[in-house]
Amino acid sequence: MPDATHRDLELVRRSITIAEESRASGNHPFGALLADGDGKIILEAQNTCGSLGDRTGHAERNLMTQASMQFDDAFLAECTMYTSAEPCAMCAGSLYWAGVGRVVYGLSEKALKDLIGPDPENLTMDLPCRDVFAAGQRAIEVVGPLLEDEARPVHEGFWESL
């Protein structure tokens with residue numbers, strides 16, 4: 001696994017803050033952001049499952065929809081998505097189709113599944129994003145899990161309250 005940089009850790013922490021903001025807004029506690037090749041934040045997105053009633057409104061998919069409409073694939077290939085939790089299969093697919101070249105995440109999908117169990121609001125698949133990307137035809141660098149002890153608390157008590 002490639003090593004995380006200091007900037008990677010800062011931006012994973014920012015994605016966790018976005019997840020906290022998402023939860024405070026009545027949505028599922030997930031956050032994501034897109035940084036350009038220099039590490040400058042260019043887009044941020046929260047989960048919108050609660051506020052819009054869209055079960056596909058995951059933060060990462062929302063981010064990739066914005067990114068693919070604003071930037072071309074050559075630019076996105078140099079970008080990194082940072083996310084509070086590992087992208088699910090749907091979100092990994094959206095990252096792949098948008099053309100982003102790198103993803104860095106906090107909490108692993110397995111740790112998320114272990115934490116929340118079979119909650120009908122988030123039937124976590126425990127399918128690593130690396131496996132989704134491996135089925136594709138271009139390489140996507142993956143760094144994570146990182147800072148799981150910092151990424152976990154935003155989920156604590158949330159799923160039981162639904």
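Reader: What is the relative accessible area of Glu21?

Author: This is a predicted model: local features need pLDDT of at least 70, side-chain atom pairs count only at pLDDT 80 or more, and totals for chains, interfaces and linings use all residues. Residues are numbered from 1 along each chain as its sequence is written, and side-chain values use heavy atoms, with hydrogens and water left out. Buried means under 20% relative accessible area, exposed over 50%, and partly exposed in between (1.4 Å probe, protein chains only). Glu21 falls in the partly exposed class, with a value of 33%.

Reader: Which side chain meets Glu21 in a salt bridge?

Author: A salt bridge needs a side-chain nitrogen of Lys or Arg within 4 Å of a carboxyl oxygen of Asp or Glu. Here the N to O distance is 3.5 Å.

Reader: How many salt bridges does a search of the whole structure find?

Author: Another one joins Asp149 and Arg152 at 3.1 Å, N to O. Asp149 is exposed at 65% relative accessibility, while Arg152 is partly exposed at 24%. For the whole structure, the count is eight.

Reader: How far apart are the closest N and O atoms of Asp8 and Arg102?

Author: These two residues form a salt bridge. Asp8 is buried, with a relative accessible area of 2%. Arg102 is buried too, at 14%. Their closest N and O atoms are separated by 2.7 Å.

Reader: How many residues apart in sequence are the parts that Asp8 and Arg102 tie together?

Author: The two residues form a salt bridge. Asp8 sits in helix H1 (residues 6–24) and Arg102 in strand E4 (residues 102–107), so the pair ties together parts of the chain whose sequence distance, in residues, is 94.

Reader: Which residue is linked with Asp8 and Arg102 in a network of salt bridges?

Author: Asp8 and Arg102 form a salt bridge with each other. They also belong to a network of salt bridges, and the residue linked with them there is Glu141.

Reader: What is the radius of gyration of the chain?

Author: There are eight helices and five strands in the chain. The radius is taken over C-alpha atoms, and the globule rule is 2.2 Å times the number of residues to the power 0.38. That rule gives 15 Å for 162 residues; the chain comes close to it, so it is as compact as a globular protein of that length, with a radius of 14 Å.

Reader: What percentage of the contacts with a separation of 6 or more is between residues 24 or more positions apart?

Author: Contact means heavy atoms within 4.5 Å. Ile18 gives an example: leaving aside its neighbours within four places in sequence, its contacts include Glu44, Ala45 and Gln46. Across the chain, the share for residues 24 or more positions apart is 62%.

Reader: How far from Gln46 is Ile18 in space, C-alpha to C-alpha?

Author: Ile18 is found in helix H1. It is buried, with a relative accessible area of 1%. In sequence, Ile18 and Gln46 are 28 residues apart. In space, the distance is 6.4 Å.

Reader: How many of the ten residues of helix H5 are buried?

Author: H5 (residues 89–98) is mostly covered. Among the elements that cover its buried residues are helix H3 (59–70), strand E3 (80–85) and E4. The buried residues include Cys91, Leu95 and Tyr96.

Reader: Which residue just after H5 takes a positive phi?

Author: Just after it, phi is about 100° at Gly99.

Reader: Which peptide bond is cis?

Author: Look in the loop between strand E5 (141–143) and helix H8 (148–151), where Pro145 is found. Leu147 is in that loop too, with a positive phi near 55°. The cis bond has omega near 5° and runs from Gly144 to Pro145.

Conventions
Helix = DSSP H or I, 4+ residues; strand = E, 2+ residues; numbered from the N terminus.
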